[in-house]
Amino acid sequence: MYIKNKDALLRLPRGGALVGALEEALSAADPYKAVASHVKRAGGALEVAGRVYSVRGRAHVVGFGKASEKMAEALVDVLGDLAAGGVVISPRGSGRLGPVEVVKGDHPVPGADTLVASRRLLEYLEGVGENDVVFVVISGGGSALFEVPVEGMELGDIARISAELMRRGADIVELNAVRKRLSRVKGGKLLRLVKASAVISLIISDVVGDRLDTIASGPTAPDGTSREFAIRVLKKYGIWGELPPRIRAVFEGGEDTVKEGDALLAKVQNVIVANNLLSLRRASEYLSALGYKAVILTSMLEGEAREAGRVLASVAKSAAYSGLPERPPLALLAGGETVVTVRGGGRGGRNQELCLSFSIAVRGLRNISAACLGTDGVDGNSPAAGAVVDGGVAEEAEAMGLDPFEYLNNNDSYTFFEKLGRAVITGYTGTNVNDVFIALVEKVI
Ligand SMILES: Nc1ncnc2c1ncn2[C@@H]1O[C@H](COP(=O)(O)OP(=O)(O)OP(=O)(O)O)[C@@H](O)[C@H]1O
Ligand SMILES: O=C(O)[C@H](O)CO
Ligand SMILES: [Mg+2]
């Protein structure tokens, strides 16, 4: 369904179970399905994640993010004639989805398209009535695709500061804490611009830990960060001293974000419709049905990819040798987002690098296999999403004259897996709930 070279991968040892589990993980993160499964319509009433809304006015669909188009499409289908219209911003912008306009924004750095599209979205919201319901579809990339600067800021200032923070290694909580101060719509401020009595945000999380105030900079969520924190971040990365007084003044005294306890929050329901854990759970159910004891180790895996690969290999090995944390047949699942400190000149990504390091560490153990996947479909600078491996990979490579360590050291994991016919190819999936890793440990026969 999602994996293009599925047939070839099915021929690998345990390929069927691994590929099946990856497909389930992707299906749980599918933007259309995630939205459609969380919103039900019965006549004039809507049920969203256990809450019922009787729509007295009209329903509107706005949103932004890399998955916004598919999310909006699902809403338009579910809402039917209740959907009055709306504006969603996507990286491509394809025209229309029924009554909803789909406009193009810029990613990963906001530019002129983002500004035009965002103004269009806010202009649309001006026509929304008090009895109306507004759906906001939110996904990764939303911070760059949707932006209107506060008084005194230019979009170019925001783009420069964001790009510089990314370059200097700020994490997403830090980066978005800064962005929220400069924006009229982030950090819950979008709620100030929506007159409707009910705002329902449907959210796909690409942030490890799912902080609502971080995903797309939390346009409809209470902000858990402060202006002091944002200033500390700028100082930490050596940017504060480089800013002109005009911009510093915005950080010190501009419009504040919406904080927990604000009365505005009473009208909003923020619902996560897809995230890493939901994908892991779906894969785990699939593997349980195949007879594996399935254990989700974490959905918050972080750290250097090759180190994470070794740690995960130790858990698989202890299951194989000592029956801990559980006896085989065992499935171990982990998700999150690792990092790679790139030193070599090869092609690869954090998922494939984790899998390569894992296969070196489980060398010779044929009863251990694993798969990894970047759910957005593109791992690092490679055309693959991940890889399928097992304890025989290192020897298989050596028999072909390939040294696994050399490929790891050159950050060339994709070339390695491509030569072995083990790269997982999906192309862009249109969603992102970070990365998924699955290891299977069989009984030794
Ligand atoms: N040859 C390589 N081998 C391993 N990792 C690499 C290689 N080249 C780049 N990377 C890593 O890939 C990461 C970028 O991956 P990617 O383009 O998938 O971005 P991302 O973090 O997933 O962002 P987005 O959320 O926009 O998709 C960088 O952090 C970099 O460390
Ligand atoms: O848009 C963003 O801020 C990132 O993708 C995190 O959600
Ligand atoms: Mg990516």
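Predicted model: local features only at pLDDT ≥ 70, side-chain atom pairs only at ≥ 80, totals over all residues.

Biologist: Okay, so what makes strand 14 mostly covered?

Modeller: Run that count over residues 386-390: five of the five residues in strand 14 come out buried. Each of them therefore has 20 or more other C-beta atoms within 10 Å.

Biologist: Which residues of strand 14 point one way and which the other way?

Modeller: Gly386, Val388 and Asp390 go one way, while Ala387 and Val389 go the other, and all are buried. In a regular strand, side chains alternate between the two faces of the sheet.

Biologist: How do you know that strand 13 and strand 14 pair?

Modeller: The rule asks for at least two bridges. Strand 13 (residues 368-374) and strand 14 have five, in the antiparallel sense, so they pair by that rule. Leu373 is the residue opposite Gly386 there.

Biologist: And what joins strand 14 to strand 15?

Modeller: Two bridges, again antiparallel, with strand 15 at residues 423-424. At least two are needed, so this one qualifies. Gly386 turns up here too, with Val424 as its bridge partner in strand 15.

Biologist: Why is ligand 1 said to lie between the domains?

Modeller: Because domain 1 (6-28 + 277-441) and domain 2 (38-274) both give residues to its shell. That shell has 21 residues, and among the closest are Val340, Gly380 and Asn411. By class, the shell splits into five nonpolar, 10 polar and six charged.

Biologist: How far apart are the C-alpha centres of domain 1 and domain 2, and how many residues are in contact?

Modeller: The centres are 33 Å apart. For contact, 11 residues of domain 1 meet 10 of domain 2. The domain 1 side of that contact has four nonpolar, five polar and two charged residues.

Biologist: What about the residues around ligand 2?

Modeller: They include Gly140, Ser143, Asn176, Asp206 and Ser217. Helix 6 (142-145) and helix 8 (172-182) are the elements giving two or more residues to that shell. By class, the shell around ligand 2 has four nonpolar, six polar and one charged.

Key:
Residues numbered from 1 in each chain as written. Chains lettered and ligands numbered in written order. Near = placed C-beta within 6 Å. Nonpolar A, V, L, I, M, F, W, Y, C, P; charged D, E, K, R; others polar. Domains from an automatic or database assignment. Buried ≥ 20, exposed ≤ 12 C-beta atoms within 10 Å, placed from the backbone. Helix = DSSP H or I, 4+ residues; strand = E, 2+ residues; numbered from the N terminus. Contact = placed C-beta atoms within 7 Å.
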